[in-house]
There are 2 protein chains.
Amino acid sequence: MPRNKRHLEQGEKKQAILTAAAELFTENGFDGTSMNAIAKQAGITPNTIYWYFPGKDDVLIGVLNDLVRDGLTEAMTMAGLPVRERLMHAIGVFERPESLMNTVHARVAHSEAIATWHARFHMMLEQILISEVCKVGIPTERAATVSRLLVYVIEGLLSHPHQENDRHEMIDAMLELAGVDA
Amino acid sequence: MPRNKRHLEQGEKKQAILTAAAELFTENGFDGTSMNAIAKQAGITPNTIYWYFPGKDDVLIGVLNDLVRDGLTEAMTMAGLPVRERLMHAIGVFERPESLMNTVHARVAHSEAIATWHARFHMMLEQILISEVCKVGIPTERAATVSRLLVYVIEGLLSHPHQENDRHEMIDAMLELAGVDA
DNA sequence: ACCTGAACACCGTTCAAGT
DNA sequence: ACCTGAACACCGTTCAAGT
C-alpha cells in the first residue's frame, strides 16, 4: 500500500500544488516563495513538483491561468454592467497577488514559456478591449490604438500600489479622453 | 605595497563596479547577473562589492541613478525640441537596459531601498511631465491626471519590446487624446 | 580604509532508487 | 506512474583575517 495520503485522482495533486503556490505567491511574491515552501504547503517533497511541472516558471503560468479563468468567468456574470465597472473589477482580480504581473514582465526576457504566455495574455486583453471600445461607439480605426493605451494604463495600475479612488480617477480620465462617456 | 592595481582615488572603484554592473544588467538583466559576474568584470572579488554597497539592490539603484543623470543632462541639450521628440528620446534611454524597470517593479515589494527610489522616480517624472503638459496649454486641473496616464503609458512602452513606429503611434495618440497638437 | 579566502544558509534543479 | 533522499552547482551575503 502507498505510504502517503493515497493517490489522488488524475490532476488533483497538480491542482493542490497550484493552490499552494497561488497562496504563497500572492502573499510573498514569486521571488519570495521557494519551491521548498510550495512543497511544504502542499504536503509533498520539493522535487515532486518537478513531476508535474518542468520548472518554477511553469508553476507561475499555472497560477496565472487559474487567475485568468476565474477573472473571465466572473466577467461573464457582469455582462450587463458598463465597461467602467467591469474594468474596475478586472483590475481588482489581478491586483491582489503581490504584483505577479511585475514578475511576468521581469521574466519575459529569461523564460520562453513566460514570454509566450505574456504575448497571449496581451492579445487576449487587447481583443476584449477592442470589442468593448467599439460597442461604445469609437471608430474602428481608433479602437485598436485606444485599447493598447488602455492595456498599458491597466498594467500601470496593476504594477503600482494605489488608492481605490486614484484608480477610479485614472480609468475615468482615460475613458473620457478616449471618448467614452462615463 | 598593495598587492593589486594600486588604490584608485576616492570613489573611482565604486564607479568601476557600477560601470561593470550597468553593462551586465543591460545585457543579461538583474536576475541574470550574479555578484560574482559583476566582480569578475570589475576585476575584484565578489565580497569586495559589499564594502561599497550594502547589497545587490543598492548596486541596481546606483546603476539606475547613473541612467537618470545621463538622461536628464541629455534632455537639457534638447530643450528647444517639442515634447514629443523629448519623450521619444527619454524612452530610448531607459529602454535599452533589458527591462530594468521591470526589475524595479518586481523588487519594490521586497526592498525598502528600491521602494523609495521608485517613489522618488515617479514623483520626478510626474513633475517634469506636468510642467511640460502645462506649457502646451492643458488646464492645470487636468495636467496632473494626464501626466500620470502618460507615466503609465511610458512605463508600458519600457516594459514591452515594441517596434519604433508603434512607439510613435502610441505617444502621438496619447498626446492627441490629451489635447496636445502633434 | 580597503580587500580577500573561506564559509554559510539557501536556492532551483537533477537523478538514481524506491513503490 | 508517481514520489523520495541525497546530491549538484550556484546564489547573495558574512566575517575573521590580512595589508
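**Figure 1. Phosphate contacts of DNA strand C in the predicted model.** In this predicted model, a polar backbone atom of Thr33(A) is 3.4 Å from a phosphate oxygen of DNA strand C. Such a polar contact is a pair of N or O atoms within 3.5 Å; within protein, one must be able to donate a hydrogen and the other to accept it, and residues adjacent in sequence count only if both atoms are side-chain atoms. Local features need pLDDT of at least 70 and side-chain atom pairs count only at pLDDT 80 or more, whereas totals for chains, interfaces and linings use all residues. Side-chain values use heavy atoms, with hydrogens and water left out; residues are numbered from 1 along each chain as its sequence is written, and chains are lettered from A and ligands numbered from 1 in the order in which they are written.

**Figure 2. Protein surroundings of DNA strand C.** DNA strand C is surrounded by 16 residues, the closest being Tyr50(A), Lys13(B), Asn47(B), Thr48(B) and Tyr52(B). Of the atoms of DNA strand C that come within 4 Å of the protein, 69% belong to sugar and phosphate. A residue is near a strand if one of its heavy atoms lies within 4 Å of it. The residues of this surface divide into 5 nonpolar, 9 polar and 2 charged. Here Ala, Val, Leu, Ile, Met, Phe, Trp, Tyr, Cys and Pro count as nonpolar, Asp, Glu, Lys and Arg as charged, and the others, Gly among them, as polar.

**Figure 3. Protein surroundings of DNA strand D.** Around DNA strand D there are 17 residues, and the closest are Lys13(A), Asn47(A), Thr48(A), Tyr52(A) and Tyr50(B). Sugar and phosphate make up 71% of the atoms of DNA strand D that come within 4 Å of the protein. A phosphate oxygen of DNA strand D lies 2.7 Å from a polar side-chain atom of Tyr50(B), another contact places a backbone N or O atom of Thr45(A) 3.2 Å from a phosphate oxygen, and an N or O atom in the side chain of Trp51(A) is 3.5 Å from a phosphate oxygen.

**Figure 4. Relation of chains A and B.** Chain A is superposed on chain B by a rotation of 180° with 0.0 Å of shift along its axis (RMSD 0.0 Å). That is the relation of a two-fold axis. The superposition is by least squares on the C-alpha atoms of residues with pLDDT of at least 70 in both copies.

Figure 5. Asp57(A) lies in helix 4 (residues 56-77) of chain A and counts as buried, at 14% relative accessibility. Buried means under 20% relative accessible area, exposed over 50%, and partly exposed in between (1.4 Å probe, protein chains only). Not counting residues up to four places away in sequence, Asp57(A) touches Phe30(A), Arg107(A), Ser111(A) and Ile114(A); contact means heavy atoms within 4.5 Å. Helices are DSSP runs (H or I, at least four residues), numbered from the N terminus.

**Figure 6. Surroundings of Thr26(B).** Thr26(B), in helix 1 (residues 12-28) of chain B, is partly exposed, with a relative accessible area of 32%. A polar atom of the Thr26(B) side chain lies 2.6 Å from the backbone oxygen of Ala22(B). Leaving aside neighbours within four places in sequence, Thr26(B) is in contact with Arg96(B), Pro97(B) and Glu98(B).

Methods: Helices (H or I, at least four residues) and strands (E, at least two) are DSSP runs, numbered from the N terminus.
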